[in-house]
Amino acid sequence: MVKKTILIIDDSASMRAILGDMLVDAGYNVVEAVDGYAGLELVKETKFDLIITDLSMPVLDGIAFVREAKKMASCKFVPIVVLTA
């Protein structure tokens, strides 16, 4: 069985670690990005099954990330969950 891959985008290292650990324990592959721009670079080269992004981040926030990602064919049908603390 092929593991699904989830991208976590959050400027908080602790939030990435908490979410990442939970998802890895649940059997998913996890890739992390520190902001929306880094996330966009990753979606250009990797296919994700789910993207979880923080709302408020430096460089490129979660809303701007979603706008740009949904323009890309690789992300058009990928579910994106926006979280904020």
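## Overall dimensions

The radius of gyration used here is taken over C-alpha atoms, and the globule rule is 2.2 Å times the number of residues to the power 0.38. In this predicted model, the protein chain has 85 residues, for which a compact globule would have a radius of gyration near 12 Å. The protein chain has 12 Å, which agrees with that expectation. Along its principal axes, the C-alpha trace spans about 30 × 30 × 15 Å.

## Secondary structure and contacts

Three helices and four strands are present in the protein chain. Their order along the sequence follows the pattern β-α-β-α-β-α-β.

Contacts can also be described by how far apart the partners lie in the sequence. Among contacts in the protein chain with a separation of 6 or more, 63% are between residues 24 or more positions apart.

## Surface and charge

Of the 85 residues in the protein chain, 36% are buried. The protein chain exposes about 5,100 Å², and carbon and sulfur atoms supply 60% of this area.

The protein chain carries 9 positive and 12 negative charges.

Ile 63 belongs to helix 3, which covers residues 62–69. Its relative accessibility is 39%. Because buried means under 20% and exposed means over 50%, Ile 63 counts as partly exposed.

Ile 63 and Val 82 are 19 residues apart along the chain, and their C-alpha atoms are separated by 8.2 Å.

Key:
Residues are numbered from 1 along each chain as its sequence is written. This is a predicted model: local features need pLDDT of at least 70, side-chain atom pairs count only at pLDDT 80 or more; totals for chains, interfaces and linings use all residues. Side-chain values use heavy atoms; hydrogens and water are left out. Helices (H or I, at least four residues) and strands (E, at least two) are DSSP runs, numbered from the N terminus. Buried means under 20% relative accessible area, exposed over 50%, partly exposed in between (1.4 Å probe, protein chains only). Contact means heavy atoms within 4.5 Å. Accessible areas come from the Shrake-Rupley method with a 1.4 Å probe; for residues, only the protein chains shown count as cover. Lys and Arg count as positive and Asp and Glu as negative; His and the chain ends are not counted. The place of a charge is taken as NZ of Lys, CZ of Arg, CG of Asp or CD of Glu.
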